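The sequence and the structure are shown first.

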Amino acid sequence: KKLPSGVELNIPELGVENKLITFIEDKTKPVDKTTWFEFDRLLFETGKDVLKPESQEQLKNIAEILKAYPNVNIKIGGYTDNTGDPKVNKKLSQDRASKVMAELVGMGIEGKRMEAEGYGDQHPIASNDTPEGREKNRRVAIRVTKK
C-alpha cells in the first residue's frame with residue numbers, strides 16, 4: 001500500500017493498518033467514539049507492559065501512516081480480560097496503551113496528536129468464558145479522534 005508520503009507499506013489486506021488508512025481516506029466516515037481498530041500483531045509479555053520484538057513492524061507502519069496523514073489524531077486504548085484483580089488489570093491496560101504511545105513518540109509522532117487510556121476489562125469484544133474469548137479481550141486498539 002502506497003501512502004501519500006510516498007512510503008510503501010507491506011501490510012496484510014485485513015490488517016489494522018489497511019483498515020485505518022481506509023477509514024482516514026473515506027470522507028463519508030465521520031470521526032466517532034465507537035470506531036476502534038484492534039492491533040493484530042502487537043504482543044506484550046504476559047502481565048507486563050513490555051512489547052515483544054515482533055510488535056515493531058506494526059508500530060512502524062502505524063507511525064508511517066500518522067506521518068503520511070499529519071492532521072490525524074488518535075486515541076490508544078488498552079484492554080484486559082476479566083481474570084485477576086480489576087485494579088491491577090486497569091493499571092496494566094493503561095501502562096500498555098501508554099507504552100504504545102511512547103513507542104510512536106520515539107518514532108517521530110508528536111505526543112500531542114495522541115492520547116492513551118486503559119479500560120481494563122470494560123468493553124469486551126468476546127466472551128470471557130473461554131480462553132479464546134479472553135485472548136481477544138486482551139488487546140490494544142486505536143481510534144481516530146481527528147481527521
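Helix axes are lines fitted to C-alpha atoms over the stretch in contact, and the angle between two axes runs from 0 to 180 degrees between their N-to-C directions. The model is predicted, and every value below is computed from it.

**Packing of H2 and H3**

The axes of H2 and H3 cross at roughly 60 degrees and come within 10 Å of each other. The crossing in which H2 passes H3 is right-handed. On the H2 side the contact involves Gln56, Leu59, Ile62, Ala63 and Leu66, which meet Val100, Glu103 and Leu104 of H3. Sorted by class, this contact has 6 nonpolar, 1 polar and 1 charged residues.

In soluble globular proteins, nonpolar side chains tend to be buried together. Here the largest nonpolar core has 33 residues, and the members that touch the most others are Ile62, Ile65, Ile76, Val100 and Leu104. At least two residues each come from H1, helix H2 (56-68), strand S2 (73-79), H3 and strand S4 (139-146). The greatest contribution is that of H2, with 6 residues. Leaving aside residues up to four places away in sequence, valine 100 touches Phe39, Leu42, Phe44, Leu59, Ile76 and Val140.

**Individual residues**

| Residue | Location | Relative accessible area |
|---|---|---|
| Asparagine 18 | helix H1 (residues 16-25) | 18% |
| Methionine 107 | loop between helix H3 (86-106) and S3 | 18% |
| Histidine 123 | loop between strand S3 (114-118) and helix H4 (131-137) | 45% |

Is asparagine 18 buried or exposed? Asparagine 18 is buried because its relative accessible area of 18% falls under the 20% limit. Beyond residues up to four places away in sequence, asparagine 18 touches Lys1, Ile11, Pro12 and Glu13.

Methionine 107 is likewise buried, with a relative accessible area of 18%. With residues up to four places away in sequence not counted, methionine 107 touches Gln56, Leu59, Lys60, Ala63 and Lys67. Methionine 107 and glutamate 64 are 43 residues apart in sequence, and their C-alpha atoms are 8.8 Å apart in space.

Histidine 123 is partly exposed, since its relative accessible area of 45% lies between the limits of 20% and 50%. Most residues other than glycine have a negative phi. Histidine 123, although not a glycine, has a positive phi of about 60 degrees.

Terms used: Residues are numbered from 1 along each chain as its sequence is written. This is a predicted model: local features need pLDDT of at least 70, side-chain atom pairs count only at pLDDT 80 or more; totals for chains, interfaces and linings use all residues. Side-chain values use heavy atoms; hydrogens and water are left out. Helices (H or I, at least four residues) and strands (E, at least two) are DSSP runs, numbered from the N terminus. Buried means under 20% relative accessible area, exposed over 50%, partly exposed in between (1.4 Å probe, protein chains only). Contact means heavy atoms within 4.5 Å. A nonpolar core is a set of buried Ala, Val, Leu, Ile, Met, Phe, Trp, Tyr and Cys residues joined through side-chain atoms within 4.5 Å. A crossing is left-handed if the near helix is turned anticlockwise from the far one by less than a right angle, and right-handed if clockwise. Ala, Val, Leu, Ile, Met, Phe, Trp, Tyr, Cys and Pro count as nonpolar, Asp, Glu, Lys and Arg as charged, and the others, Gly among them, as polar.
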